[in-house]
Amino acid sequence: KKYFIFLGCIIAAALGLRLFQIGDPSYWLDEIVSVHFAKHPDPKSIFWDNNPFLYHLLLKGWVHAFGDSEFATRFLSTLFSLGSTSLLFALLYSWIGLPGAVAVGLLHATSIFSIEYAQETRMYAMFEFFVSLLLYYLLKQKQKDEHIKGVLLSALWMSLSSYLAV
């Protein structure tokens, strides 16, 4: 029960920090390019950026479903960032217990880099999520051999989200 209370409080704090001024009119050039690719009718537009295609593929569907306002497009990144916070919390809980999970969860929830990436219509928060997922499965793999598929899939998704993965 304490697990869910602490996780809920950390996620609520992380969400609040990530939503602060998220919809303010302040797209920067790369965000405008991402939205342009997502809205373009040519399916090949997801390959036009200098980054792997996965984020633009997801953003294309996201814009179709939720619109192209700054809040809507940036909220996709917010969800990826909150996923990272949750994964790191869960990982540390299983590894060193509740105090470690709370500490790392709070560090990630208040990380200025994570907050910044969560407020941009770019692939950085998605890359952060896949790195967290890979870390989760790598440390779980150390405990049991059954998590190798998660390691491999996380590495694949990570490589499809940013060239930094290579």
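Mentor: Contact here means heavy atoms within 4.5 Å. This is a predicted model, where local features need pLDDT of at least 70, side-chain atom pairs count only at pLDDT 80 or more, and totals for chains, interfaces and linings use all residues. Residues are numbered from 1 along each chain as its sequence is written, and side-chain values use heavy atoms, with hydrogens and water left out.

Trainee: Which residues is N51 in contact with, leaving aside its neighbours within four places in sequence?

Mentor: Start with its place: N51 lies in the loop between helix 2 and helix 3. Helices are DSSP runs (H or I, at least four residues), numbered from the N terminus. Beyond neighbours within four places in sequence, N51 contacts R122, M123 and Y163.

Trainee: Is D49 buried or exposed?

Mentor: D49 is in the loop between helix 2 and helix 3 (54-66). Outside four places in sequence, its contacts are F37, H56, R122 and M123. Buried means under 20% relative accessible area, exposed over 50%, and partly exposed in between (1.4 Å probe, protein chains only). At 15% relative accessibility, D49 is therefore buried.

Trainee: What is the phi of Q21?

Mentor: Look in the loop between helix 1 and helix 2 (29-39). Most residues other than glycine have a negative phi. Q21 is not a glycine, yet its phi is positive, at about 60°.

Trainee: How are helix 1 and helix 5 oriented to each other?

Mentor: Helix 1 (residues 2-19) and helix 5 (residues 98-109) pack with axes 9 Å apart, at an angle of about 10°. Axes are lines fitted to C-alpha atoms, for helices over the stretch in contact, and angles run from 0 to 180 degrees between N-to-C directions. Angles under 35 degrees count as roughly parallel. Helix 1 and helix 5 are therefore roughly parallel.

Trainee: Which residues of helix 5 make the contact with helix 1?

Mentor: Helix 1 brings K2, Y3, F6, I10, A14, L17 and R18. From helix 5 come L98, V102, G105, L106, H108 and A109.

Technical notes:
Helices (H or I, at least four residues) and strands (E, at least two) are DSSP runs, numbered from the N terminus. Angles under 35 degrees count as roughly parallel, over 145 as roughly antiparallel, 65 to 115 as roughly perpendicular and the rest as oblique.
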